[in-house]
Amino acid sequence: MTDMPEPKRGPPTWIRQVVDFGALAAFAATFIFFRVRGLPGDEALVHATWGLVAGSGVAVAVGLLVEKRLALMPLLVGSFALVFGVLTLVFNDDLFVKLKVTVLNASLAIALLGGLYLRKQPLKALLGTVIPVNDAAWRTLTFRYGLYFAAVAVVNELVRSEALVAWAAARLGHTAVDPADVWVSFRGVLWIASSIFGLSQVPLIMKNLVSEDPVDASAPARPDTAP
């Protein structure tokens, strides 16, 4: 009897994770480098945006060359990062790179929760080929991620507010806090939080699988890992 050929497997998922983390690491390292050299936080943040733009370009290239596809979610995230990164560099204003987090996550929240209200499943449309779960699980995941993205958008608006950061710092007895330092630190915390949130959905995913195919259960875990 002729042996059946083994199905082709895609590239290991760690490649995408390394690329995503690499973009954030390059952004943070560039920011720290210019801060150590004495640049104000807002100027260092503009310079660090070059790392964001470069990392976004690499992420898109990985999708084309390694994954042999342009998955919708990485393409969406990369496009937002490129557009707002270029705006930051063109206008020399760190407002745009900060706004990217709010606009992207608010857009995702509206799309997911709005789609759920209309009895659609937008998250399934984005990730259905990656995570084969039943419709009930998709509805639960869509609701949870919609709320998560909405919370990220709100918290980002609070953290990027220089007046609010100055008020909070004064209440804590700190008078020389740079808002840019606070926001970059927040981006690092957000990367960890998004990973934890994604991993917390694994039990639901594994319980509701409808296929025996290998699953990247953390696929939707970090939709916004770029700075």
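Which residues is Ala180 in contact with, leaving aside its neighbours within four places in sequence?

1. Ala180. The partners are Phe31, Gly41, Asp42 and Leu45; contact means heavy atoms within 4.5 Å. Ala180 has its place in helix α8. Ala180 is buried, at 2% relative accessible area. Buried means under 20%, exposed over 50%, and partly exposed in between (1.4 Å probe, protein chains only). Leu45 lies 135 residues from Ala180 along the chain, yet their C-alpha atoms are separated by 7.0 Å.

2. Basis. This is a predicted model: local features need pLDDT of at least 70, side-chain atom pairs count only at pLDDT 80 or more, and totals for chains, interfaces and linings use all residues. Residues are numbered from 1 along each chain as its sequence is written, and side-chain values use heavy atoms, with hydrogens and water left out.

3. Overall make-up. The chain has 9 helices and 0 strands. Its order from the N terminus is α-α-α-α-α-α-α-α-α. Both kinds of element are DSSP runs, numbered from the N terminus: helices are H or I with at least four residues, strands are E with at least two.

4. Burial and surface. Of 227 residues, 42% count as buried. The accessible surface is about 12,500 Å², and 67% of that belongs to carbon and sulfur atoms. Areas come from the Shrake-Rupley method with a 1.4 Å probe; for residues, only the protein chains shown count as cover. Among contacts with a separation of 6 or more, 73% join residues 24 or more positions apart.

5. Helices α6 and α8. The axes of α6 (residues 135-159) and α8 (residues 179-200) come within 11 Å and cross at roughly 170 degrees. Therefore α6 is roughly antiparallel to α8 (angles over 145 degrees count so). Axes are lines fitted to C-alpha atoms, for helices over the stretch in contact, with angles from 0 to 180 degrees between N-to-C directions. The contact includes Tyr145, Tyr148 and Val152 of α6, and Trp183, Phe186 and Phe197 of α8. Its residues divide into 11 nonpolar, 3 polar and 1 charged.

6. Aromatic groups. The structure holds 8 aromatic pairs. Rings of Phe, Tyr and Trp (its six-membered ring) pair if their centres lie within 6.5 Å. Phe33 is partly exposed at 45% relative accessibility, whereas Phe34 is buried at 17%. Tyr145, Tyr148, Phe149 and Phe197 form one aromatic cluster.

Key: Angles under 35 degrees count as roughly parallel, over 145 as roughly antiparallel, 65 to 115 as roughly perpendicular and the rest as oblique. Ala, Val, Leu, Ile, Met, Phe, Trp, Tyr, Cys and Pro count as nonpolar, Asp, Glu, Lys and Arg as charged, and the others, Gly among them, as polar. Rings of Phe, Tyr and Trp (its six-membered ring) pair if their centres lie within 6.5 Å; planes under 30 degrees apart count as stacked, over 60 as edge-to-face and the rest as tilted.
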